[in-house]
Amino acid sequence: MKNKYKQDDEFVFDRVIDTNRVSKVVKGGRNFRFNATMVVGDKNGKVGVGLGKANEIVAAINKAKDIAKKNAFKFPIRNGTIPHQADVKFCGSKVLLKPAAPGTGVIAGGPIRALMEAAGVENVLTKSYGSNTKHNIAKAGVIALKELRSHEEVARLRGKTVSELMA
């Protein structure tokens, strides 16, 4: 139980990105269910996205939050922005993330803005193309963030120092 309480304290930011009511037509009428997409983060480079489904909206949001915590991952942040550009496609949605100069702010809308705020990224430029399904855009943003590599990691993989890499 102690681990669960520690995990709750770890994430200081959580936001519902999207809720959706879906129905199934049966002999007696329609059965309604709900799904919710949620983002959680510690504002220090750790973020997660989850999709929860339930018969009630509150239960769906709670499930989404638990799933987002389980799927949380860490990525590098350098001087309040991302280390390099990332361009990702997930299903019909495409997301472009670009590092920005200090003072630019988070230039993003909807799910990507929530993702960046949860992660603690202060300066970033984003653009989404294609399908604007909020869940798919959020998943594309997660994949883009997972692709990011720090300068130290790239230098280590290439067998060079960071100063040689930057030259």
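**Contacts, helices and salt bridges**

Me: Which residues does His151 touch, not counting residues up to four places away in sequence?
Reply: This is a predicted model, in which local features need pLDDT of at least 70 and side-chain atom pairs count only at pLDDT 80 or more, while totals for chains, interfaces and linings use all residues. Residues are numbered from 1 along each chain as its sequence is written, and side-chain values use heavy atoms, with hydrogens and water left out. Taking a contact to mean heavy atoms within 4.5 Å, the residues that His151 touches are Arg78, Pro83, Val162, Leu165 and Met166.

Me: Is His151 buried or exposed?
Reply: His151 is found in helix α5, residues 151-158, where helices are DSSP runs of H or I with at least four residues and strands are runs of E with at least two, numbered from the N terminus. Buried means under 20% relative accessible area, exposed over 50%, and partly exposed in between, with a 1.4 Å probe and protein chains only. Because the relative accessible area of His151 is 18%, the residue counts as buried.

Me: Which residue forms a salt bridge with Arg78?
Reply: Side chains of opposite charge can pair when their charged atoms come close. A salt bridge here is a side-chain nitrogen of Lys or Arg within 4 Å of a carboxyl oxygen of Asp or Glu. For Arg78, the closest N and O atoms of the pair are 3.5 Å apart, and the partner is Glu152.

Me: How many residues apart in sequence are the parts that Arg78 and Glu152 tie together?
Reply: Arg78 lies in the loop between β4 (73-74) and β5 (86-90), whereas Glu152 lies in helix α5, so the pair ties together parts whose separation in sequence is 74 residues. Both residues are partly exposed, Arg78 at 32% relative accessibility and Glu152 at 45%. The separation asked for is therefore 74 residues.

Me: How many salt bridges does a search of the whole structure find?
Reply: The pairs discussed above include Arg78 with Glu152 and Arg15 with Glu117. When the whole structure is searched, the number of salt bridges found is six.
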